[in-house]
Amino acid sequence: MTLLRKSDRPLLIAHPRPDGDAIGSTLALRLALVAVGKHPLVACVDPLPANLAYLPGADSFLQEVPEDVDIDLVVAIDMSDLKRTGGIYRESWRERYPLLVIDHHETNAAFGDVNLILPHAAATAMPMTDVIVGLGVAAQDEIATCLLVGLLTDTRGLRTETTTPEVLRAVGELIESGGDYHGVMQRTLDFVPYRTMRAWGVALDRLRLEDSMAWTTLSRSLKEELQIDDHYDLDLGNLLSRVAEAQVTAAFIEMRDGTIKVSMRSRPGYNVATVADALGGGGHKAAAGCTVDGPLETAVNRVLNLLREVVREPVDPVTSVP
Ligand code: 5GP
Ligand code: MN
């Protein structure tokens, strides 16, 4: 908090293929900093998806930041390592500016000079609320709406195991403080572009189920046909997580550079974060991801072999509560 209080021009960075928590938490902090007279910059290498573009400040995101930008602090938000800035963070900044990390990933190695990491929190929006209140700003109105976006997306509409009474209380308080709960439901959660919905159709048509694992793939050529860009997070991981017969699920999406983005989910008692971690990615027990080398078929075999182990050895359900 001292770092933020001392700073006048902090750079807030959200991760690539940004989700509701990365954008909502970043924009909530931006609004709070503006409210106390500071001049924050916000950055994300990828454009915002349509379901987040309506948020206050969404149009202020920079996709590129020059190395000699006039800043005095870097804040990495909702990411468990520096690779996740997508290249926005420059190594030369290391000696020049302090690095503050605000996150909720269990795989976060506390890579900042100061780290505000709540590893069991449902969303980065939880520690972010504390940060904002700590700055002396009320988490109300537009700020509350941005924080609600983080909480409602990362809990998939309050249905994940991370949805504790504390989270439900936080949501209630944000609504009482003027947060637009129904607006977020309509404009973020129930807002799937037609192209995405059609891509889901193609991906679901290719859905496989074997040994309590459900998975699907989307190749480069199919994505081209469907006009799906790399920076579109199709949210396929969350869609597949609902397959009744599956304990773990994986969506494999081929990128234009030939790498494969893997999005994994598991039911309570199973941990996919270890698999993501082993493959250079990260995440949570129930939701984790990574990017691995292609071709698609090799990536599928490699990841399914690891997931088979996960299914074979459930973790203690008591300690698995994220
Ligand atoms: P998703 O499958 O929705 O892309 O991501 C699920 C979770 O894993 C999120 O918490 C996300 O931040 C994390 N995650 C996804 N991909 C990566 C990755 O490549 N590296 C790291 N460190 N975390 C990832
Ligand atoms: Mn995120």
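How many bridges join strand β10 to strand β12? Let's find out in these close-ups of a predicted model, in which local features need pLDDT of at least 70, side-chain atom pairs count only at pLDDT 80 or more, and totals for chains, interfaces and linings use all residues. Residues are numbered from 1 along each chain as its sequence is written, chains are lettered from A and ligands numbered from 1 in the order written, and side-chain values use heavy atoms, without hydrogens and water.

**View 1. Strands β10 and β12 run antiparallel.** Six bridges join β10 (residues 260-266) to β12 (residues 287-292). Strands here are DSSP runs of E with at least two residues, numbered from the N terminus, and two strands pair if DSSP finds at least two bridges between them. Look for lysine 261, whose bridge partner in β12 is threonine 291, and for serine 263, which is partnered with glycine 289.

**View 2. A hairpin of three residues joins β11 to β12.** These antiparallel strands share two bridges, with β11 spanning residues 282-283. Glycine 282 has glycine 289 of β12 as its bridge partner.

**View 3. Six strands form an open, mixed sheet.** Their order is β7-β8-β9-β10-β12-β11. Because β7 (208-210) and β11 each have a single partner strand, one side of each is left without a neighbour in the sheet.

**View 4. His15, Asp19 and Asp78 coordinate the manganese ion (ligand 2).** Histidine 15 lies in the loop between β1 (10-13) and α2 (20-35), and aspartate 78 in the loop between β4 (73-77) and β5 (99-103), so the pair ties together parts 63 residues apart in sequence.

Notes
Helix = DSSP H or I, 4+ residues; strand = E, 2+ residues; numbered from the N terminus. Donors = N, O, S within 2.8 Å, 3.2 Å for Na, K, Ca; no water.
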